[in-house]
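The sequence and structure come first.

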Amino acid sequence: MAALRFAMGPVRSFASRTIIEEPTYKAAWRKFKQMYWTVKPKVPPYDHVCQVGDPVIRTSAAPVDVKDINSREIQNLIDTMTKVLRRNRAVGIAAPQVGVSKQVIVAEFTKKHVKVWSEERLVGREAEVFPLKVFINPKLKILDERQITLPEGCLSLKGFYADVPRAYKVEISGYDENADPVSWIVQGYTARILQHEVDHLHGNLFVDIMDSRTFSDELWTKWNLK
């Protein structure tokens, strides 16, 4: 493998995909341990996002027993999902993405997200700020079947995006982190976020419904640099 790599020339570091952001000293220590010790695999819920190819991403998630929602296990899962969501500056995450095949999703769209979006983009996507939302055993009902097609990416296919059609308006129902029944009617970008995350609970990804001719690597221009 080393000979093959040498024959092909150096790897372009700009094309690498960071699975988890960490300080340089931690990355160096982890690499050192991998070289000289037998490193045990992590145990879910992970502090990173599972990538496509991991079987958990394509597996239908199991419902959570309502009486277990307040358990340490589920509360820890929610806390970990929230940390991973915010570390990646994302707007939504599903439990399978941290290695746990349970029907739990977490989402938020904050003023921090707004700051990096143009006014044109916010208006065009009908994006509205909303606080952290947790849905356990969520059920989606489409209220407006108009299909809105917009670019979409995914933490589990990091660095790739495509145009994806989604229903304009939906109602989501389930349980929150306190085991209380909740429901929420949303439209526009918020509806897109929820549809994307609920898809994860059924083992589905945006690539399953995308316009395949728009599928792109966000680094594609850099591959053409010397």
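## A buried charged network

R166 is buried, with a relative accessibility of 4% (buried means under 20% relative accessible area, exposed over 50%, partly exposed in between, with a 1.4 Å probe and protein chains only). Its salt-bridge partner is E152, at 2.6 Å from N to O (a salt bridge is a side-chain nitrogen of Lys or Arg within 4 Å of a carboxyl oxygen of Asp or Glu). The pair links distant parts of the chain, with E152 in strand β3 (residues 130–153) and R166 in strand β4 (residues 160–175), 14 residues apart. Helices (H or I, at least four residues) and strands (E, at least two) are DSSP runs, numbered from the N terminus. E152 is buried too, at 6% relative accessibility.

E152 also meets R192 in a salt bridge, at 2.7 Å from N to O. This pair connects strand β3 with helix α6, across 40 residues. Salt bridges with shared partners join E152, R166, R192 and D199 into one network.

## Model and numbering

The model is predicted: local features need pLDDT of at least 70, side-chain atom pairs count only at pLDDT 80 or more, and totals for chains, interfaces and linings use all residues. Residues are numbered from 1 along each chain as its sequence is written, and side-chain values use heavy atoms, with hydrogens and water left out.

The structure holds eight salt bridges. One of them joins D208 and R58, at 2.7 Å from N to O. D208 lies in the loop between α6 and β6 (216–217) and R58 in the loop between α2 (24–36) and α3 (72–87), so the pair ties together parts 150 residues apart in sequence. D208 is partly exposed, with a relative accessible area of 41%, and R58 is partly exposed at 41% relative accessibility.

## Aromatic rings

There are six aromatic pairs (rings of Phe, Tyr and Trp, its six-membered ring, pair if their centres lie within 6.5 Å; planes under 30 degrees apart count as stacked, over 60 as edge-to-face and the rest as tilted). Among them, F109 and W117 are edge-to-face, at 5.2 Å centre to centre and 70° between the planes. The W117 and Y189 ring centres are 5.0 Å apart with planes at 65°, so this pair is edge-to-face. F109, W117 and Y189 form one aromatic cluster. W117 is buried at 12% relative accessible area, and Y189 is buried at 11% relative accessibility.

R121 lies over the face of W117, at 4.0 Å from the ring centre (a charge sits over a ring if NZ of Lys or CZ of Arg is within 6 Å of the ring centre and within 35 degrees of the ring normal). R146 lies over the face of Y168, at 4.5 Å from the ring centre.
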